[in-house]
Amino acid sequence: MTETALRVIVWNENVHERQNEEVRAVYPNGIHEAIAAGLREHLGEQAVVRTATLDQPEHGLTDDVLESTDVLTWWGHLAHDQVSDVVVDRVHRRVLNGMGLVVLHSGHESKIFRRLMGTTCALLWREADDREVVWTVNPAHPIAAGVPHPFIIPRQEMYGEFFDIPQPDELVFISSFTGGEVFRSGCCYTRGWGRVFYFSPGHETFPVYYQPEVRRIIANGVRWAYRTNAQRSQTYRPTPLSIGWYEGKAGEQV
Ligand code: ZN
């Protein structure tokens, strides 16, 4: 690992895996370990990938941990309400200051994603072994790099429109399903200095996070969401100014 390696935390509520045999059979070490393995596979020496889970003190997302995190990925479903508001506030502040956030699948209903979007983030869904076809609608976008157009996820939960999110700053993927529904499955946002990528494939009872195309997209999403120190907010706060304050101050940051 290099000294400048991208520092990633893969966060998972890790509840299904402990309660449900079917989920444990697909993700015996937890969904977070499958996601982390995909990131290590694609980012190699470029990244240090760690994991954190709900049951850890402060959900594994202490101030110190977040201060040394460049990009956070988020998977949750059953336990959104158990995520402490203090931790949500902390993650929110870090994103606005420039930490990247990659929100996966049912994370659409997480407190942090809804806070950042400002909408309900509700959608239509069906758990019935649909085939999902993922279509690239922005082939020049870095998150689409190396992703076949289209690619198929053989078994997946259906997520359908209307998806109550703000218009994405950049839409990278849409998906279609066996039932004919469509969904904006890869959406990019900027919030403050931070970048947020939402990617919907990844249901807990299907082996989606082992699929090479999905792993590539999540790794691309982490790379895209990464901001260098120079690209982040240093200290941004409301600042009172007098007329002419900028004379002779060109180039200095307020
Ligand atoms: Zn699901």
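What is the order of the strands in the open sheet, and what is the pairing?

Author: The model is a predicted one, in which local features need pLDDT of at least 70, side-chain atom pairs count only at pLDDT 80 or more, and totals for chains, interfaces and linings use all residues. Residues are numbered from 1 along each chain as its sequence is written.

The open sheet has nine strands in the order S2-S1-S3-S4-S9-S8-S7-S5-S6, and its pairing is mixed. Strands (E, at least two residues) and helices (H or I, at least four residues) are DSSP runs numbered from the N terminus, and two strands pair if DSSP finds at least two bridges between them. Strand S2 (47-53) and strand S6 (151-160) are the edge strands, each pairing on one side only. From one strand to the next, the twist averages 25 degrees; axes are lines fitted to C-alpha atoms, for helices over the stretch in contact, and angles run from 0 to 180 degrees between N-to-C directions.

Strand S1 (residues 6-12) and strand S3 (residues 71-75) run parallel and are joined by five bridges. Here Trp 11 stands opposite Trp 74 in S3. Helix H3 (residues 31-43) packs on the sheet and touches S1, S2 and S3, its direction making about 175 degrees with that of S2. Contact means that the C-beta atoms of two residues, placed from the backbone, lie within 7 Å.

Antiparallel pairing occurs between strand S5 (residues 124-136) and strand S7 (residues 170-177), over five bridges, with Val 133 opposite Ser 176 in S7. S5 also pairs with S6 in the antiparallel sense, over seven bridges; there, Glu 132 has Ile 153 as its bridge partner in S6. S7 pairs with S8 in the antiparallel sense over five bridges, and Glu 170 stands opposite Cys 188 in S8. S7 and S8 form a hairpin with four residues between them, and Gly 180 in the turn has a positive phi of about 95 degrees.

Helix H7 lies across S1, S3, strand S4 (100-104), S6, strand S8 (182-191) and strand S9 (194-199), and runs at about 165 degrees to S9.

The largest nonpolar core has 63 residues, and those with the most contacts inside it include Val 8, Leu 101, Val 102, Phe 197 and Ile 218. Such a core is a set of buried Ala, Val, Leu, Ile, Met, Phe, Trp, Tyr and Cys residues joined through C-beta atoms within 7 Å. A residue is buried if 20 or more other C-beta atoms lie within 10 Å of its own, exposed if 12 or fewer, and partly exposed in between, with C-beta atoms placed from the backbone. Helix H7 (residues 212-225) gives the most to this core, with seven residues. Leaving aside residues up to four places away in sequence, Phe 197 touches Val 102, Ile 143, Cys 188, Gly 221, Trp 224 and Ala 225.

For the chain as a whole, buried residues make up 42% of the 254 residues.
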